[in-house]
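Q: Can we go through this structure together? I'd like to start with the charged pairs and then look at the inside.

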Amino acid sequence: MKTLVISLARRVDRRAAFERWNRGQPLPFSYLPAAEGDRMDRLRLIENGVLAEGESNFGPGALGNALSHAAIWRECADGREPFLIFEDDACLRGDFWKHAKPMMERHLASCDVMTFGYNTDSVVVLGSSDGVVSAMRFDETAKRQPGYFETYSRLHDVRPNLFRCIQFWGLLAYAISPAGARALLAACLPLSSRETVTLIGTERTVRPYGIDSMINLALQQGRIRATACYPALALGPNSQATSDIQTAC
């Protein structure tokens, strides 16, 4: 299994936080330099089927992030082993690997993407085997307390359950198989905002503006299958002030 952390070369601060939080994990983290969206030739991306013609809804940060994930999907799709992928603001629960490893071994083959962490400033929608759908909102007050992530990185808690995931935001920590990577590439490219994503639990829709939006559109269309664990095994600050996606690269 390959374990990769996506990180912009200039974000030494984020890598330092990632290493401080996750140094107790029994995983060999390798860093992948993230793509710089403002340096991309959009015409070339259109020619290569990565970006839809006339597309302008993906800003430089979101475009670079999408290209970084897609590059990993291609590498995974061409191989035979699953990939475990993190963004550099992910803080893994102390017992992450104890629970994530058996989940992957038992269930990754039956889904295209398995997420262990997601944005808690957005709704996460899970489905149970009885057909009931739950749209969950989170109170992030605890995450704003000093030392929260250091404590979380040492936490050993209850075993999370795995659910069918209908909608989630953020690609903080997830696993894919080669088959899942091929499904993601087919379903999520080219990047396009021509169709809308329905925000479950609200009356709103949004046009895709990031790679997680494309995943949610594919989930909405039934083109891919996702699972998510709850409680999460990875959390992040969800800080717009330090985001490389919601601000320009």
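Q: How many salt bridges does the structure hold?
A: There are ten salt bridges. Keep in mind that this is a predicted model.

Q: OK, what does Asp88 pair with in a salt bridge?
A: Asp88 forms a salt bridge with Arg14, at 2.7 Å from N to O. The two residues are 74 residues apart, with Asp88 in the loop between strands E3 and E4 and Arg14 in helix H1, so the pair links distant parts of the chain.

Q: Is Asp88 buried or exposed?
A: Asp88 is buried, because its relative accessible area is 4%, under the cut-off of 20%. Arg14 is buried as well, at 12%.

Q: Which residues are in a network with Arg14?
A: Asp88 and Asp89 are linked with Arg14 in a network of salt bridges.

Q: And what about Arg20, what does its side chain meet?
A: The side chain of Arg20 meets Glu150 in a salt bridge, 3.5 Å from N to O. Arg20 is in helix H1 and Glu150 is in helix H5, 130 residues apart. Arg20 counts as partly exposed at 38% relative accessibility, and Glu150 counts as partly exposed at 28%.

Q: Changing topic: which residues touch the most other members of the largest nonpolar core?
A: Those are Trp73, Ile176, Leu191 and Ile215, in a core of 55 residues. Helix H3 gives the largest share of this core, eight residues.

Q: What is Trp73 in contact with, leaving aside its neighbours in sequence?
A: Its contacts include Ile85, Tyr174, Ile176, Leu184, Cys188 and Ile215. As a general point, nonpolar side chains in soluble globular proteins tend to be buried together.

Q: Which residues of helix H6 are buried?
A: They are Pro178, Gly180, Ala181, Leu184, Leu185, Ala187 and Cys188. Among the elements that cover them are H3, strand E5, strand E9 and helix H7.

Q: At what angle do H6 and H7 pack?
A: The angle is about 95°, and the axes are 9 Å apart. That makes H6 roughly perpendicular to H7, because angles of 65 to 115 degrees count that way.

Q: Which residues make the contact?
A: On the H6 side they are Leu184, Ala187 and Cys188, and on the H7 side Ile211, Met214, Ile215 and Ala218. By class, this contact has seven nonpolar residues, no polar ones and no charged ones.

Q: Last one: where is Thr198, and what does Thr198 touch?
A: Thr198 is in strand E10. Not counting residues up to four places away in sequence, Thr198 touches Gln167, Arg204, Thr205 and Gln220. Thr198 counts as partly exposed, at 35% relative accessibility.

Note on methods: Residues are numbered from 1 along each chain as its sequence is written. This is a predicted model: local features need pLDDT of at least 70, side-chain atom pairs count only at pLDDT 80 or more; totals for chains, interfaces and linings use all residues. Side-chain values use heavy atoms; hydrogens and water are left out. A nonpolar core is a set of buried Ala, Val, Leu, Ile, Met, Phe, Trp, Tyr and Cys residues joined through side-chain atoms within 4.5 Å. Buried means under 20% relative accessible area, exposed over 50%, partly exposed in between (1.4 Å probe, protein chains only). Helices (H or I, at least four residues) and strands (E, at least two) are DSSP runs, numbered from the N terminus. Contact means heavy atoms within 4.5 Å. Axes are lines fitted to C-alpha atoms, for helices over the stretch in contact, and angles run from 0 to 180 degrees between N-to-C directions. Angles under 35 degrees count as roughly parallel, over 145 as roughly antiparallel, 65 to 115 as roughly perpendicular and the rest as oblique. Ala, Val, Leu, Ile, Met, Phe, Trp, Tyr, Cys and Pro count as nonpolar, Asp, Glu, Lys and Arg as charged, and the others, Gly among them, as polar. A salt bridge is a side-chain nitrogen of Lys or Arg within 4 Å of a carboxyl oxygen of Asp or Glu.
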